[in-house]
Amino acid sequence: ALPTPVGKVNDFATVLTAEQRAALDAQLADLERTSSAEVAVVTRSSLDGRTVEGYATELFNTWGIGKKGRDNGVLILVSVGDRTMRIEVGYGLEGVLPDGLAGAVIRETFRPRFREDDYPGGILQLVRERGAWKVEDFD
């Protein structure tokens, strides 16, 4: 069964401090306010044998990330125990965040931090640097 969302930051693996969750939530709320794009961050301890692609797609669709009719959502999924992650992008944002860019973000931002077991650092850096995914690009 899929978890129930608790907000924009869903730290089910408890890798973030309360301060980190609050900072991420504020940044994501600001991005949504200024662009209408919805970004959700989800950490899991395990995907229980499921593929990261399948889990991300199901979670993205079940939670309905993004505005209806605009399909402008982004899911950042990190599975700590499986040492994997995925950025799932709604069709309405594929021009802004195509698969190639999402892959580059994973390779350049997440993997170096994750190799050092710095999951919070990778997530925070992504949102800080890439969440500067120019807001105007999301319009």
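**A colleague's note on the cores, helices and strands**

1. Let me start with the rings: Phe 110, Phe 114 and Tyr 119 are linked into a cluster by ring pairs. Rings of Phe, Tyr and Trp (its six-membered ring) pair here if their centres lie within 6.5 Å; planes under 30 degrees apart count as stacked, over 60 as edge-to-face and the rest as tilted. The structure holds 2 aromatic pairs. One of them joins Phe 114 and Tyr 119, a tilted pair at 4.6 Å centre to centre with 40 degrees between the planes. Phe 114 and Tyr 119 are both buried, where buried means under 20% relative accessible area, exposed over 50% and partly exposed in between (1.4 Å probe, protein chains only).

2. Some ground rules before going on. This is a predicted model, in which local features need pLDDT of at least 70 and side-chain atom pairs count only at pLDDT 80 or more, while totals for chains, interfaces and linings use all residues. Residues are numbered from 1 along each chain as its sequence is written, and side-chain values use heavy atoms, with hydrogens and water left out.

3. Now the cores. A nonpolar core is a set of buried Ala, Val, Leu, Ile, Met, Phe, Trp, Tyr and Cys residues joined through side-chain atoms within 4.5 Å. The largest has 28 residues, and those with the most contacts inside it are Leu 24, Val 74, Ile 76, Val 78, Met 85, Ile 87 and Phe 110. At least two residues of this core come from each of helix 1 (18-35), strand 2 (38-44), strand 3 (73-79), strand 4 (84-89), helix 3 (99-115) and helix 4 (119-130). Helices (H or I, at least four residues) and strands (E, at least two) are DSSP runs, numbered from the N terminus. A second, separate core has 12 residues, including Val 42, Leu 47, Tyr 55 and Leu 59.

4. Strand 3 deserves a look of its own. It is largely enclosed by the rest of the structure, because 7 of its 7 residues are buried. Gly 73, Leu 75, Leu 77 and Ser 79 lie on one side, and Val 74, Ile 76 and Val 78 on the other. Take Val 78: leaving aside residues up to four places away in sequence, Val 78 touches Val 42, Thr 43, Arg 44, Thr 84, Met 85, Phe 110, Phe 114, Tyr 119 and Ile 123. Contact means heavy atoms within 4.5 Å.

5. How do the neighbouring strands pair with strand 3? Two strands pair if DSSP finds at least two bridges between them. Strand 2 and strand 3 run parallel and are joined by 7 bridges, with Glu 38 opposite Gly 73 in strand 3. Strand 3 and strand 4 pair in the antiparallel sense over 6 bridges, and Met 85 in strand 4 is the bridge partner of Val 78. Strand 3 and strand 4 form a hairpin with 4 residues between them, and Arg 83 in the turn has a positive phi of about 50 degrees.

6. On to helix 1. Its 18 residues reach 26 Å from first C-alpha to last, close to the 26 Å expected at 1.5 Å a residue; the expected span is 1.5 Å times one less than the number of residues. Leu 24, Leu 28, Leu 31, Glu 32 and Ser 35 are its buried residues. They sit on the same side of helix 1, because they cover an arc of only 95 degrees around the axis. The arc is that of the directions from the helix axis to the C-beta atoms. The face turned away from the buried side of helix 1 carries the exposed residues Glu 19 and Arg 33. Ser 36, which follows helix 1, has a positive phi near 75 degrees.

7. Helix 2 (residues 52-63) buries Val 52, Tyr 55, Ala 56, Leu 59, Phe 60 and Trp 63. These cover an arc of only 125 degrees around the axis, so they lie on the same side of helix 2. They pack against strand 1 (9-11), strand 2, strand 3 and strand 4. Asn 61 and Thr 62 are exposed on the face of helix 2 turned away from its buried side.

8. Finally, two backbone angles to check. Thr 14, in the loop between strand 1 and helix 1, has a positive phi near 45 degrees although it is not glycine. Asp 48, in the loop between strand 2 and helix 2, is another residue other than glycine with a positive phi, near 55 degrees.
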